[in-house]
Amino acid sequence: MSKKKGLSAEEKRTCMMEMFFETKDIFQLKDLEKIAPKEKGITSMSVKEVLQSLVDDGMVDCERIGTSNYYWAFPGKALHALESQLSEGSQRHASLQKSTEKAKIGRCETEEQVDHLRPGV
């Protein structure tokens, strides 16, 4: 008899996002609690926790309409967010490069400093 190993929190998040991207639909929590265990193996007890973590990270959108909460995530938004992060990272990298170059101006490295920075010396 082998015990079935549960999914890690990150695996549950990935599976939940796959479900949103595959269906391209809008869900209520009760719908997700029914669908996720069947399609992705996420226990119904942990669906709310996983969903809330995705909403908190901005990966899933949530809107309250009347007394109901609706959840959705579309692939285009995820791609746009990744492109935005990449752009910000590139700008930060360029800024740090400039700061490094400015810091080197007027600085004189001694032989002792250079030897100390070499690995294995």
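A: Before we start, a helix in this predicted model is a DSSP run of H or I with at least four residues, and helices are numbered from the N terminus.

Q: How do I read a pocket, and how much space lies in the largest pocket here?

A: The general idea is that rolling a probe the size of a water molecule over the atoms shows where empty space is left. In this structure, the largest pocket holds about 250 Å³ of space.

Q: Which residues line the largest pocket, and which elements give two or more of them?

A: The lining consists of Met-17, Phe-21, Asp-57, Gly-58, Met-59, Ala-73, Phe-74, Lys-77, Ala-78, Ala-81, Leu-82 and Gln-85. Two or more residues each come from helix 1 (9–23) and helix 4 (75–104), and helix 4 gives the most, with five residues. By class, the lining of the largest pocket has eight nonpolar, two polar and two charged residues.

Q: How do I read the packing of two helices, and at what angle do the axes of helix 1 and helix 3 cross?

A: Angles from 65 to 115 degrees count as roughly perpendicular. Here the axes of helix 1 and helix 3 (residues 44–56) come within 10 Å and cross at roughly 80°, which means that helix 1 is roughly perpendicular to helix 3. Helix 1 makes the contact through Lys-12, Arg-13, Met-16, Met-17 and Phe-20, while helix 3 uses Ser-46, Val-47, Val-50, Leu-51, Ser-53 and Leu-54. Sorted by class, this contact of helix 1 with helix 3 has seven nonpolar, two polar and two charged residues.

Definitions and conventions. Residues are numbered from 1 along each chain as its sequence is written. This is a predicted model: local features need pLDDT of at least 70, side-chain atom pairs count only at pLDDT 80 or more; totals for chains, interfaces and linings use all residues. Side-chain values use heavy atoms; hydrogens and water are left out. On a 1 Å grid over the protein atoms alone, a cavity is a set of points where a 1.4 Å probe fits but cannot get out, and a pocket is an open set with protein on both sides within 12 Å along at least five of seven lines; lining residues have an atom within 4 Å of a point. Grid points are joined across faces, edges and corners, and a volume is the space filled by probe spheres set on the points. Ala, Val, Leu, Ile, Met, Phe, Trp, Tyr, Cys and Pro count as nonpolar, Asp, Glu, Lys and Arg as charged, and the others, Gly among them, as polar. Axes are lines fitted to C-alpha atoms, for helices over the stretch in contact, and angles run from 0 to 180 degrees between N-to-C directions. Angles under 35 degrees count as roughly parallel, over 145 as roughly antiparallel, 65 to 115 as roughly perpendicular and the rest as oblique. Contact means heavy atoms within 4.5 Å.
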